[in-house]
Each structure stands twice: as structure tokens, then as C-alpha cells.
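Hi there,

Here is the model I promised to pass on. Could you load it alongside these notes and follow along?

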Amino acid sequence: MKALDSLDSSVPAASAAPESAQRRTGPPTTSAGERKREQVTFWLYRNGERLVRAVPRRLSMPAAAAVGNVAYDLAGSKQRLIAENLSRPMRLPPDDPRVRHAARRAFRNYAKYLVDMMRISGLTDEDARRLVSIENVEILEEARTEGRGVLLCTVHIGGMDMIGPALKRFGEELYVVADDTTYGRLYDHLAAARASQNIFVIGWRNLRGMFRVLRDNKNLVLFCDGGYRRGDVPVELCGEPTTLPIGPATLAAKTGAPLVAVACRRTDDDRFVTRGLPLIHCAGTDPVEIQRATQAVADELSSVIAEDPGQWYMFRPVWPQTDADRSHAAEALAAARRGEDWTKIAT
């Protein structure tokens with residue numbers, strides 16, 4: 001199950017990407033520098049990819065759902081973890097049968113997501129037009145009117161990578177901030193596939209690259225559901241205190257780029273509907289304004305998750321796990337709502 005933690009957040013760089021989006025400057029990673037688990041994951045993915053590409057998508061989707069069911073049955077403690085995550089947007093106890101059903105659906109939807117990723121490099125413009133409907137692509141033009149770039153904020157839901165092929169038809173590019181420190185060969189293999197659809201990565205430590213993307217008036221994608229961390233911004237997400245990363249609002253404040261929450265929902269016939277939610281601006285870097293803008297993002301993303309929680313495949317805890325952290329999260333959020341400096345509490 002460790003692969004579930006890693007693959008969904010592994011958005012690789014590609015040699016065709018601009019310098020700001022390059023992951024490595026040296027030769028591609030070889031197996032010599034990988035852990036055994038990373039080597040096994042790489043070969044499992046490659047063999048699965050060959051199998052998936054050998055059959056039509058209409059046949060591979062039901063097969064993926066079946067694999068997702070088996071993965072759920074074998075998931076052990078991951079069953080409880082994802083049920084605890086889904087219980088918040090569903091406003092039900094984790095052991096409620098409806099939550100367990102949604103958790104099983106999340107595993108099935110993640111398996112379907114992997115199948116779509118295995119096929120992504122072969123998607124044509126016609127495939128993208130058939131599979132992905134963008135409800136309001138004009139929001140990107142609206143967001144870029146000031147020439148400051150766009151910060152697209154999202155969570156691990158539906159089929160976010162499928163936005164790349166859809167936007168490619170309009171001449172758009174996506175630059176995705178991601179963890180570039182593990183799963184080297186798999187990361188690099190996926191790089192070429194995503195780069196073919198105008199999706200490029202920026203390592204999470206590459207601040208210069210992020211600023212360059214925004215300065216060039218392009219789209220920077222930030223995943224915001226990494227989980228509670230003291231020192232990040234206290235918010236209410238799906239009705240309960242936690243944190244969202246401080247980076248999105250800080251980048252918005254320093255560059256003038258608007259924040260746009262994004263949804264990409266899988267439909268019953270395994271197509272996708274995506275839309276951008278209303279623009280959010282952050283006027284400054286003081287804690288009160290950072291929290292206000294981040295809470296606005298949290299509100300939008302809460303609505304995205306609640307629309308169909310069974311499409312949210314987040315295999316790490318999103319809310320505080322200990323009484324001490326829950327107390328800190330609640331105290332920091334209360335301070336923020338009073339207009340106080342929550343950073344003195346959150347740390």
C-alpha cells in the first residue's frame with residue numbers, strides 16, 4: 001500500500017520541460033540508487049502499463065474497478081484511514097456503511113486513475129475532446145488579465161491529470177508542484193508521458209521556478225490536501241479544524257496571481273467534467289490576510305470533495321491525529337477568526 005501514498009503525488013519532470021520545471025540536471029535515475037520497494041513499484045507499473053495499453057479503455061475500466069476492490073479488501077489499516085478522511089465531508093462516523101462504501105469507491109476510482117495515467121501519453125486531441133469537458137475554460141483568461149499567472153489549487157480527486165490533455169487543445173500548459181525526492185525511475189518514466197500533454201513538474205523546493213512560471217503568466221498547480229502540519233495555515237476543512245499549506249496564499253500575495261480552486265470529477269461513464277471556481281486574491285503577507293485567503297480556498301475545496309467523496313483518493317491523514325494536535329488546530333483557528341496572529345499559536 002505504500003505505492004498508493006507515492007504514485008498519486010508523483011508528478012514527474014520531463015526532459016522536454018523548460019529549465020524551471022526540470023527535476024534533475026544529471027542522467028536519468030538507474031536502479032542502482034533505488035530502494036527495493038521503488039524498483040518493484042517501477043516494474044509493476046511498467047508491466048501494468050503494457051497490459052492496459054493492449055486493451056481498449058472500455059474494457060480496462062471495469063478491470064481497474066475490480067482491482068480497486070481487491071486492493072481495498074487487502075488494505076488493512078488504510079481502510080480505516082481513508083474512512084476517517086471521508087467521514088468529514090460525509091458528516092458520518094467512519095464505521096457507517098455509507099462511509100465504508102465510499103472508501104471502497106475511492107480505491108476503485110484510484111485504480112481507474114492509474115489506468116488513465118498509463119494511457120495518457122497516447123491521448124490525441126480528439127480523445128481529450130471526447131473524454132474531458134471543461135465547463136469554463138474562460139476563467140483562465142479572466143485570471144490572467146493582470147499578467148501575474150494563475151495558482152490552480154486542488155486535491156487528489158477525480159482525474160486532475162486529465163485536465164492537461166484537455167487544456168493542451170487550447171494551447172495551455174500546466175506546471176505542477178510535487179515531491180521529487182523518491183521513486184526516481186518511475187518519476188522519470190511518468191515525466192515523458194505527462195510532458196507529452198503539456199504537464200510539467202516543479203520540485204517543491206524550487207521557489208525560483210515557481211516564481212518564473214507565474215512571471216511568465218502561466219498556470220501553476222498546487223495540491224493542498226497534504227494533511228495537518230503545525231505552522232501551516234489553520235482552516236476549517238469539511239467542518240473540522242486542520243491546516244492547508246501556507247505556500248499558495250503566500251505566492252498569491254507576493255506575485256499578485258489569483259488563486260483558483262479546481263475540480264475534475266469522473267462521471268458514471270468514466271469521462272470527466274472539470275471547472276474552475278471563483279477567483280480568490282490575497283492582498284498581503286500578514287497572517288490575517290494569509291488565513292483569510294487560505295480559508296476561502298479551503299471552503300471551495302470542501303465543496304469539491306463533498307460533491308462526491310468517493311472520488312477523493314487521499315491515503316494519508318488530512319486532519320490532526322492526536323488530542324494535542326487537535327487542540328492546537330482548534331486554538332489556532334479560533335485565534336485566526338478573532339483576527340489574532342495565529343502563527344504564535346500554530347507553531
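First, a word on naming: helices (H or I, at least four residues) and strands (E, at least two) are DSSP runs, numbered from the N terminus. Please keep in mind that this is a predicted model, where local features need pLDDT of at least 70 and side-chain atom pairs count only at pLDDT 80 or more, while totals for chains, interfaces and linings use all residues. Residues are numbered from 1 along each chain as its sequence is written, and side-chain values use heavy atoms, with hydrogens and water left out.

Let me start with Glu289, which sits in helix H12 (residues 287-307). Its relative accessibility is 15%, so Glu289 counts as buried (buried is under 20% relative accessible area, exposed over 50%, partly exposed in between, with a 1.4 Å probe and protein chains only). Setting aside neighbours within four places in sequence, Glu289 is in contact (heavy atoms within 4.5 Å) with His281, Cys282, Ala283 and Gly284.

Ala253, in helix H11, touches Cys282, Gly284 and Thr285, again not counting residues up to four places away in sequence.

On to helix packing. Axes here are lines fitted to C-alpha atoms, for helices over the stretch in contact, and angles run from 0 to 180 degrees between N-to-C directions.

- H10 (residues 207-215) and H11 (residues 247-255) have axes that come within 11 Å and cross at roughly 55°. That makes H10 oblique to H11 (under 35 degrees is roughly parallel, over 145 roughly antiparallel, 65 to 115 roughly perpendicular, and the rest oblique). Met210, Phe211 and Leu214 of H10 meet Leu251, Lys254 and Thr255 of H11. By class, these are four nonpolar, one polar and one charged (Ala, Val, Leu, Ile, Met, Phe, Trp, Tyr, Cys and Pro are nonpolar, Asp, Glu, Lys and Arg charged, and the others, Gly among them, polar).
- H2 (residues 36-53) and H9 (residues 184-195) pack at about 30°, with axes 8 Å apart. Residues in this contact include Phe42 and Trp43 of H2 and Leu186 and His189 of H9. The classes are five nonpolar, three polar and three charged.

Finally, the cysteines. How many disulfides does the structure hold? It holds zero, taking a disulfide as a pair of cysteine sulfur atoms within 2.5 Å. For Cys153, the nearest cysteine sulfur belongs to Cys224, 4.3 Å away. Cys153 is buried, at 0% relative accessible area, and Cys264 is buried too, at 1%.

Happy exploring!
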